[in-house]
Amino acid sequence: MSHSRRCAACKSLRRRCPKDCVLAPYFPPTNPQRYACVHKIFGASNITKMLEQLPVHLRAVAADCISFEASSRVEDPVYGSVRIISQLQEQITEAQTELVKTKGEIAFHNAQQQQQQQMQQLQMIHAIAQEGEDQHSWLSSSQQDPFPNVNQQLLEDYNYSNTFFGFEF
């Protein structure tokens, strides 16, 4: 890899940029501040050693991480990136709390709707039972009930529904 210009690292160190410069792909001459931050916190030899120990396909990610940590340390010398991580963890905790609260509200709403549906079903059973009682009264003793099991079950359901959940209809 031939460099027509020196990388930010070599330029900062006032040296010639070799063809196999480990730092050149990650610290281009167009962004000297990135290298300056990293150099200030970690030093040139440490950065070079860290990058050389990694496989080539992981070096770009490592350089980005090193750069992020260095810029965080320059911004906040005491906490560095820990401050940002702590803030993000707080946001995650708040979001999880909000999620639990929202799920609880949804469950409450669903329970209310289910209770309303049960109430409507009980009211329908009550209406059908009333209809069955009215129909049963006009049947003469010589006529047989065309649906004896159905009407009997409806009457039983009606009697049970009068005490269902403590509600009376």
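From the N terminus on, the elements of the protein chain follow the order α-α-α-α-α-α, and the secondary structure accordingly comes to 6 helices and 0 strands. The model is a predicted one, and the values reported below are computed from it. The protein chain has 169 residues, of which buried residues make up 25%. Its accessible surface comes to about 12,500 Å², with 55% belonging to carbon and sulfur atoms. Among contacts between residues at least 6 apart in sequence, 45% join residues that are at least 24 apart.

The largest nonpolar core is considered next. In soluble globular proteins, nonpolar side chains tend to be buried together. In the present chain the largest nonpolar core contains 21 residues, and those touching the most other members are Cys7, Cys21, Leu23, Phe27, Tyr35, Ile47 and Leu51. At least two residues of this core are supplied by each of α1 (8-13), α2, α3 and α4 (56-75), and α4 gives the most, with 4 residues.

The packing of helix α2 against two other helices was then examined. Two packed helices are described by the angle between their axes and the distance between the axes. For helix α2 (residues 32-42) and helix α3 (residues 44-53), the axes come within 7 Å and cross at roughly 100 degrees. Because angles of 65 to 115 degrees count as roughly perpendicular, α2 is roughly perpendicular to α3. On the α2 side the contact is made by Tyr35, Val38, His39 and Phe42, and on the α3 side by Ala44, Asn46, Ile47 and Met50. By class, the residues of this contact divide into 6 nonpolar, 2 polar and no charged.

The axes of α2 and α4 come within 8 Å and cross at roughly 75 degrees, which means that α2 is also roughly perpendicular to α4. Here Arg34, Cys37, Val38, Lys40, Ile41 and Phe42 in α2 meet Ala63, Asp64, Ile66, Ser67, Glu69, Ala70, Ser71, Arg73 and Val74 in α4. The residues of the contact of α2 with α4 divide into 8 nonpolar, 2 polar and 5 charged, whereas the contact of α2 with α3 has no charged residues.

Phe42, which has its place in helix α2, is partly exposed, with a relative accessible area of 25%. Leaving aside its neighbours within four places in sequence, Phe42 is in contact with Ile47, Met50, Ile66, Glu69 and Ala70; of these partners, Ile47 and Met50 take part in the contact from α3, while Ile66, Glu69 and Ala70 take part in the contact from α4. Cys37, likewise in helix α2, counts as buried at 18% relative accessibility, and, with residues up to four places away in sequence not counted, Cys37 touches Ala70, Ser71 and Val74. Although Cys37 and Val74 are 37 residues apart in sequence, their C-alpha atoms are 7.1 Å apart in space.

On the α4 side, Ser67 is found in helix α4 and is buried, with a relative accessible area of 12%. Residues up to four places away in sequence again not being counted, Ser67 touches Arg34 and Val38. Phe42 and Ser67 are 25 residues apart in sequence and, C-alpha to C-alpha, 9.7 Å apart in space.

The loop between α1 and α2 contains two residues that were also examined. Most residues other than glycine have a negative phi. Arg14, which has its place in this loop, has a positive phi of about 55 degrees although it is not a glycine, and at 76% relative accessibility Arg14 counts as exposed. Thr30, found in the loop between α1 and α2 as well, is exposed, with a relative accessible area of 63%. The C-alpha atoms of Thr30 and Ala8 are separated by 7.5 Å, the two residues being 22 residues apart along the chain.

Notes
Residues are numbered from 1 along each chain as its sequence is written. This is a predicted model: local features need pLDDT of at least 70, side-chain atom pairs count only at pLDDT 80 or more; totals for chains, interfaces and linings use all residues. Side-chain values use heavy atoms; hydrogens and water are left out. Axes are lines fitted to C-alpha atoms, for helices over the stretch in contact, and angles run from 0 to 180 degrees between N-to-C directions. Angles under 35 degrees count as roughly parallel, over 145 as roughly antiparallel, 65 to 115 as roughly perpendicular and the rest as oblique. Contact means heavy atoms within 4.5 Å. Ala, Val, Leu, Ile, Met, Phe, Trp, Tyr, Cys and Pro count as nonpolar, Asp, Glu, Lys and Arg as charged, and the others, Gly among them, as polar. Buried means under 20% relative accessible area, exposed over 50%, partly exposed in between (1.4 Å probe, protein chains only). Accessible areas come from the Shrake-Rupley method with a 1.4 Å probe; for residues, only the protein chains shown count as cover. A nonpolar core is a set of buried Ala, Val, Leu, Ile, Met, Phe, Trp, Tyr and Cys residues joined through side-chain atoms within 4.5 Å.
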